[in-house]
Amino acid sequence: MATSRIPASRLQALRKEVYDCSRCGFCRVWNWKGVDWVCPTYPYTEAFDTQYARGRVNMAQQLLEGEVDIDETFLEHLAQCTLCGSCGEHCPVGIPLFEIWTALRADLVDAGVMTEHQAAVADNTVQHHSIFGPARRAPSQAAVTPHKVDVLYFPGCQTVRKIKSIGKSTEELLGKLGVNYAVLEEDACCGYPLFDIGQLDAMKQAAEYTLERIKAYQPDVVLTTCAGCYRAFTGVYPEVLGIHSGLNFQHTHEFFPSLAAGKLHEINRKVTYHDPCIMGRHMGIYDEPRELISSVPGVELVEMYSTREHALCCGAGGGVLSAFTDLAGDVGVERLQQAAAAGAEQVVSSCPTCVVNLKRSVAKAGLNLTVTDIVDLLNEAL
Amino acid sequence: MDYGAILKRLADVVGPQYVSDKPFVLKAYARDFGTMPPSQPNLVVRPKTTEEVSEIVKIANEFKVPIVPRGGGSAQEAGSTPPAGGGITIEMLRMNEILEIDETNATVTCQSGITYVNLMNTLELRGWKIGIAPSGAMAGTPGAHISRPGVGWGNIKYISSGDQVLGLKMVLPNGDVVCTGSSANPNSDVFFRYGLGADLTGLFVGAEGAFGIMTECTLRMFPFPEKFFLEVFKTADLASAVSLFRDLAINNLVCYISVPVIKPGELVIFHYNVEGDADDVEMRVNKIRGLVAKHSDMECLGTEGVQQFWNGRWFLTGEEFKEGIAGAVNYFLPFDKLVDATWEMKRIMDRHEIKTYVQQMFPEPHGSEHVSLLFHRNDDMAERAKVWAAVQEMMDRALELGGAPYSKGRQWGPYLEKHMQNTGYWRLQKAIKAMLDPNYIMNPGVIGL
């Protein structure tokens, strides 16, 4: 155990907000108005106070007040947070808890305090341009020589390594729609997972490397199907890293509606939309993905008990999927149970990390549900 | 004290993952929702069953170490934080199951660590409700609330949480498990509070864990009302308002009256809530309006805004604390003392130059809970010192006025002893404590014991 005094400069800037906490405890569980557990991971941990927001604010106060015994458990209790933003959304005092969590994580990293897993993710991204480290084998086709394109599709680490079906569907969609496009085949990471774990210097390196690769295509539009990549490019780069790329980044819900309008054939199915925390609570995008799903003739969009700003996190965010795989799966099962209770046959999302986690949780949940990205649904309908 | 040895013993009972001696965890259990100085435990343990609680208590007795039951940690008087010197915090939130909803006999039995909103929402979906819920129902638990005994939404019709209890399952300081109410008969479930001897339920209601730890409770259950009606009023005349509260209460016309804003001599804002079927609600509202009409100072502010408050009440009560945390001086007084007490409390707070405070009332059938909340920011120690000085004086004065404190914790303990030590009641409480808890391990210091 190391007794440490952390400079905590970012937390210091949020000192007033950290001490705004009234300790009411409303950030644990509601069981009211579409919110069961406010903190999605808390019920699947040992569930001490430091495993949901009230106790974590206390941990932030401890860091501001002086020496703290930081050990593996301390870091674990912080890292079990998916950064879903539900606690901040449901805080009656209105404390910007997401900002506090990310500041806390970044301050610890600045002080050299991180788990081995967090260090490995940063190293992988800087050294190998993927959060998952070096590719096990070379890309299946020769790397495309960069050239001017209308649209550059940026699949992102999760899609390239863990759920290639999203990339395949996207490419097929682009082909069917006659779009002049290229795919950034090589490993290149937006760095959002590094933002999640407080590795901002590493994220900046990743951002600079990746933007250079993207700009080589002089794209009019950079299409991403990943919520994390989208928020990194459009939010974290300019607001946190001070990087203004001048590129036009678009997510599925912006890019496809006008192109696909009137061309989709009927699919008779009950579909529910899982709001990725990054797209929903962090970016306020709720209606557009739902409108795109509903544009498929025959699709009946049904809502889960927890939806939109109250949506239950899938359990994977904030680095939880890779660091606490079972924990992410437990939350994923709960989310799928909500989908089944809503009568859905298919869960559709717009974040490959959510899709990966929910898809792998289906068997554990023992439910007859299909989990896909929106592009999979669109591709099926086109 | 060899807390390492205790930790191993506790880990054998609950599993190693549910006991912690990590300093950063312990610090998170050093405070409640109030403004008392932090006092951290040496261990935190999270049991799941009555049997586990019993074993924990036996270990604490063996080592003669204090134990402190804690629910949601959302009370304000340090009843769930350890005494100076520490001890073991028994965090009850894993005991969160509804054990039986008996619709035939209109009772619900639950573990003591469930949150109120969870309990009430489950019942509402089946067409039932309980009588009383605390304003902090999203964090608060029956175990903690009944131990006060709790009041909240429903004070006039249902009086208190203690009055809703038909029976309790308690773990005594020696680890024995006691069922009160009709289930004291081993051949019976809980359906009636009395009948087999002394009302031992009453021994634990209001004792704040000094005589035992509640692990289960059986509460009265009522059909969920067909209709709720709320209406809000304002007046500048506090005496007139209290007179109206008295008339509404003794005629049992309302479910509750909430008075969130009292500025003596300037402004009183209150609303009432009526529940029942449509005909009953209409009849009551007509009678209420007849009584209100006798007070020319009253101005009706309508129903829409307060109906919105009602729909969001569990969340909105938390918004009050945007001003900071609060030193709380909550106590009950009869109707005829409320006006003078309001002025007295105001004078004390003004003399101490408290920057931000509110005064409130939540009437009961024969008087009212009188509330003063003295806000300060968590990190404003200068204001906190002023708040604490005022709170101490106010507690002293409240007891001189004949007040009966609501949640007492360690905050009120010395003042209760000061004002009551020569009474038969105090001697009896002390004797019971000595008999049940000879090693003084069971939440020592709360309610002055």
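Visitor: What makes 16 residues of domain 1 of chain B count as in contact with 20 residues of domain 2 of chain B?

Guide: Two residues are in contact if their C-beta atoms, placed from the backbone, lie within 7 Å. By that test, 16 residues of domain 1 of chain B touch 20 residues of domain 2 of chain B. This is a predicted model, in which local features need pLDDT of at least 70 and side-chain atom pairs count only at pLDDT 80 or more, while totals for chains, interfaces and linings use all residues. Residues are numbered from 1 along each chain as its sequence is written, and chains are lettered from A and ligands numbered from 1 in the order in which they are written.

Visitor: Which helix gives the most to the side of domain 1 that touches domain 2 in chain B?

Guide: Helix H3 of chain B, residues 50–63, gives the most, with six residues. Helices (H or I, at least four residues) and strands (E, at least two) are DSSP runs, numbered from the N terminus. By class, this side of domain 1 has seven nonpolar, eight polar and one charged residues. Ala, Val, Leu, Ile, Met, Phe, Trp, Tyr, Cys and Pro count as nonpolar, Asp, Glu, Lys and Arg as charged, and the others, Gly among them, as polar.

Visitor: Where do the domains of chain B lie in its sequence?

Guide: Chain B is divided into domain 1 (3–93), domain 2 (98–223) and domain 3 (227–311); such bounds come from an automatic or database domain assignment. The C-alpha centres of domains 1 and 2 of chain B are 23 Å apart.

Visitor: How many residues join chain B to chain A?

Guide: On chain B there are 36 residues in contact with 28 residues of chain A. Helices H2 (23–28), H4 (116–125) and H11 (313–319) of chain B each give two or more residues to this side, and H2(B) gives the most, with five. The side consists of 16 nonpolar, eleven polar and nine charged residues.

Visitor: What radius of gyration would a compact globule of 382 residues have, and what does chain A have?

Guide: The radius is taken over C-alpha atoms, and the globule rule is 2.2 Å times the number of residues to the power 0.38. For 382 residues the rule gives a value near 21 Å, and chain A, at 20 Å, therefore agrees with a compact globule. Its C-alpha trace spans about 60 × 45 × 35 Å along the principal axes.

Visitor: What share of chain A is called buried?

Guide: A residue is buried if 20 or more other C-beta atoms lie within 10 Å of its own, exposed if 12 or fewer, and partly exposed in between, with C-beta atoms placed from the backbone. Of the 382 residues of chain A, 56% count as buried.

Visitor: Which handedness, left or right, does the crossing of H13(A) and H14(A) have?

Guide: A crossing is left-handed if the near helix is turned anticlockwise from the far one by less than a right angle, and right-handed if clockwise. The crossing of H13(A) and H14(A) is left-handed. H13(A), residues 252–260, and H14(A), residues 287–294, pack at an angle of about 35 degrees with axes 9 Å apart. Axes are lines fitted to C-alpha atoms, for helices over the stretch in contact, and angles run from 0 to 180 degrees between N-to-C directions. His253(A), Phe256(A) and Pro257(A) of H13(A) meet Glu288(A), Pro289(A) and Leu292(A) of H14(A).
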